[in-house]
Each structure stands twice: as structure tokens, then as C-alpha cells.
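Trainee: I am new to this structure. Could we go through how its features get their names?
Mentor: Gladly; let us look together.

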Amino acid sequence: MSQKTIGFFTRLLDNVPAEERYALAAEQINKAEALGFDTAWVAQHHFHGDEGGLPALFPFLSYVAARTQRIRLGTGVVTLTMENPVRVAEDAVVTDILSNGRLEVGFGSGGTPRSYEAFGQQFAQRHALMDRNLGIVKAAWKGEALPGQNHLWPAGRGLELRSWQATFSAVGAEKAGAAGDGLMLSRTQPRPQGRTDASLADIQIPLIQAYLKNLPAHVTPRIMASRSVFVADDRSLALDFARTGLLRQVEKFRASGHTIDDSSVESLLRTFDVHLGTPEEVVRSLSADRALDHATEVTIQVHSVDPPHSFILRSLELFATQVAPALGWGTSNSADLRRKA
């Protein structure tokens, strides 16, 4: 799997009000398209703006679709456990039509546990909810009858072939593979007890293997590896941003199972699996990530460094024009667009 596309991911965490977050995220996606990025992904979060700034993915992606021409637009992810699956199916179809067929739909069973109550659901039931709701969404897209002998209109347009599943576990990877979906790997994961020194690749390669083992023989693998990447002209300035941004995350990540060594900014970079520095430094760092050897797409995000907007744009530029070419990533179309940017 040597040929890789490149993507941009955002949780819309710029430190400004919502209307400005949306404008800045749209500008970042426009920049990514101009630089030849193949995809742009946005995350869904409810109620807690410090975790993510976008509760409604499809209206935002429809807005972005009207401002872009080529870049594929993805949900990373729809928290399907807190959604009405028929409405998700409908909203995705309309967004796909408005984007001229550029939609990729990633699903997950995560979300903040305390958010479930507002949607009348229980966090403990998330895996069963995910299986049930995903089945309904895909049935609707395929044109199967819904209760009351209803059928989706507009029709599904093949979205079931552009479905992805995000997971932290081998069981989840097996499900994604068996369904013929794409596999979405996270930028960082809690280390299992007794394996605090394990690399992210040590954790994720078994997921990749489980996915591939269960993937039907006729289905082409789709493995998207999300990574925290901040490329800068000056490493010392990048470290200053990282120190501020990562320290904000320490207690939250400890509460979710991470073992955090916050004795230095370098230890925080290792703990949060952040690839940071000049283009040459980031090339070396990403080259050492063995999980990326198996990915079909590498999608970068600046979280949880979260530098200011202008530095995000510069990071995208440095990644697209220096890091990705050095690693041999991106499609031929991506390379053409990078030369024009």
C-alpha cells in the first residue's frame, strides 16, 4: 500500500466564537484544496465547544461544498449512536448531491458519555446502537424498504461504498472489514495497562491486521490513518504552541485512560503522538511510524497543539509542498495542484 492520498482533518477548535470557527475552518479547507489535499474531514461533537466546535456536520459540509470544486469531504465521524439513522441517511444523500458526489461518510460509536442523556440514549449501549443504526443507514442507501414501506428519496447514490468506521479496538476493526467499509485510525490512543511504552503503531497494526483479515476478497482496502502533525518554519516556536496546547489536554486524557508524562514538552509530544517541527523533522518522525506503511490515506490535524489560524495554513503548505513529496504521498493530481499553489 505504497500509494497514499493525503487529507486534512479539523475539529474546529480555533479559539474564537462559533461563526468565526466555521469561517476559519472553511478557509483552511479551501487552502487544503488549493494545495492538492485529496480529502477534508470534520468531526462531530455535541455541547462541549472545547472538545469540538461542530454538532451538525452535513449543513457545514454542504456550505463547504459550495466553496470548493475537487476536494472530497468527509465526516470524521458522525456519532451515529446519538442520531436518527434515517435522518442521517437523508442528510448524507442531499449533501452528496450538493457536493457533486464528493461525500465520504465516517461513523463512530464514541462521543462524550454525558452527552448521551440529552439524546435519550445510554452510553453503555453504544455498541448495540452503532450496529443497529449503521444497518438502517446502509439499508436506506441501498434502496431497501424502511418501516411503513417507505424508501429513501433521493436515492442513495452508492454511499454505502463510501462508508467508513472509526474504532479503537480489534473487534471494531473486524466489523469494519467484514462490512467492506473503510477503517479510520485515530491520531492517538490510550496505551493498555502494562504497555505504557508501546508505540502507536504497536497498538494500531493489530487493528489493521484484523481489518484486512475480515475484508471480503473483492473489496479494496481503505485505511485512513489520522495523525497529529504541525509543520513549522521554526521548531522552537512550534514547541511553545505545543506546550500550551498539550498541557490543556493532560487531565482530560488522564481521565480517559492515558498515562501522561508531562515532565517536559518533548515527553508530551511522545505521549500524544505528535509529529512536530520543521519539514525535515516531520519527515523523519512520520517515516518511523510503521502503521503508516499500511495506510491508503494519511490525514493530518493540528490537534491538540492547536496553533493560531495563520500557523495552521502555513503547516498545511509545508506539509503539502515539502513533507508529502519527500515521503512519496499524494496522487498525481495532488502533485499538479501543489506545483500551481
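Trainee: How do the residues of the lining of the largest cavity divide into nonpolar, polar and charged?

Mentor: One is nonpolar, seven are polar and none is charged. Ala, Val, Leu, Ile, Met, Phe, Trp, Tyr, Cys and Pro count as nonpolar, Asp, Glu, Lys and Arg as charged, and the others, Gly among them, as polar. The lining consists of Gln-44, His-45, His-46, Thr-79, Met-82, Gly-111, Thr-112 and Ser-115. Before going on, note that this is a predicted model, where local features need pLDDT of at least 70 and side-chain atom pairs count only at pLDDT 80 or more, while totals for chains, interfaces and linings use all residues. Residues are numbered from 1 along each chain as its sequence is written, and side-chain values use heavy atoms, with hydrogens and water left out.

Trainee: What makes a space a cavity?

Mentor: On a 1 Å grid over the protein atoms alone, a cavity is a set of points where a 1.4 Å probe fits but cannot get out, and lining residues have an atom within 4 Å of a point. Searching the whole structure gives one cavity of 30 Å³ or more. The largest cavity has a volume of about 40 Å³, a volume being the space filled by probe spheres set on the points, which are joined across faces, edges and corners.

Trainee: Why is Ala-92 called buried?

Mentor: Its relative accessibility is 0%, and buried means under 20% relative accessible area, exposed over 50%, partly exposed in between (1.4 Å probe, protein chains only). Therefore Ala-92 counts as buried. Ala-92 sits in helix α3, residues 85-98; helices (H or I, at least four residues) and strands (E, at least two) are DSSP runs, numbered from the N terminus. Leaving aside residues up to four places away in sequence, Ala-92 touches Phe-58, Leu-103, Val-105, Trp-141 and Leu-159, where contact means heavy atoms within 4.5 Å.

Trainee: Is Asn-100 buried or exposed, and how do you know?

Mentor: Asn-100 has a relative accessible area of 66%, so it is exposed. It is found in the loop between α3 and β4 (103-108). Its phi is positive, about 60 degrees, although Asn-100 is not a glycine.

Trainee: And what makes Arg-157 partly exposed?

Mentor: The value for Arg-157 is 44% relative accessibility, so Arg-157 counts as partly exposed. Arg-157 lies in the loop between α4 and β5, and its phi is also positive, near 60 degrees. Most residues other than glycine have a negative phi, and most peptide bonds are trans.

Trainee: Which peptide bonds here are cis?

Mentor: One joins Trp-153 and Pro-154, with omega about -5 degrees. Another runs from His-303 to Ser-304, with omega near 5 degrees.

Trainee: How do you know that the span of α4 agrees with its number of residues?

Mentor: The expected span of a helix is 1.5 Å times one less than its number of residues. With 16 residues, α4 should span 22 Å, and its end C-alpha atoms are 22 Å apart, so the two agree. The buried residues of α4 pack against α3, β4 and β5.

Trainee: What about α11?

Mentor: The 19 residues of α11 (residues 309-327) should span 27 Å; the end C-alpha atoms are 25 Å apart, which agrees. Still, α11 bends by about 40 degrees at Phe-319, the bend being the angle between axes fitted to the seven residues ending there and the seven starting there.

How values were computed: On a 1 Å grid over the protein atoms alone, a cavity is a set of points where a 1.4 Å probe fits but cannot get out, and a pocket is an open set with protein on both sides within 12 Å along at least five of seven lines; lining residues have an atom within 4 Å of a point.
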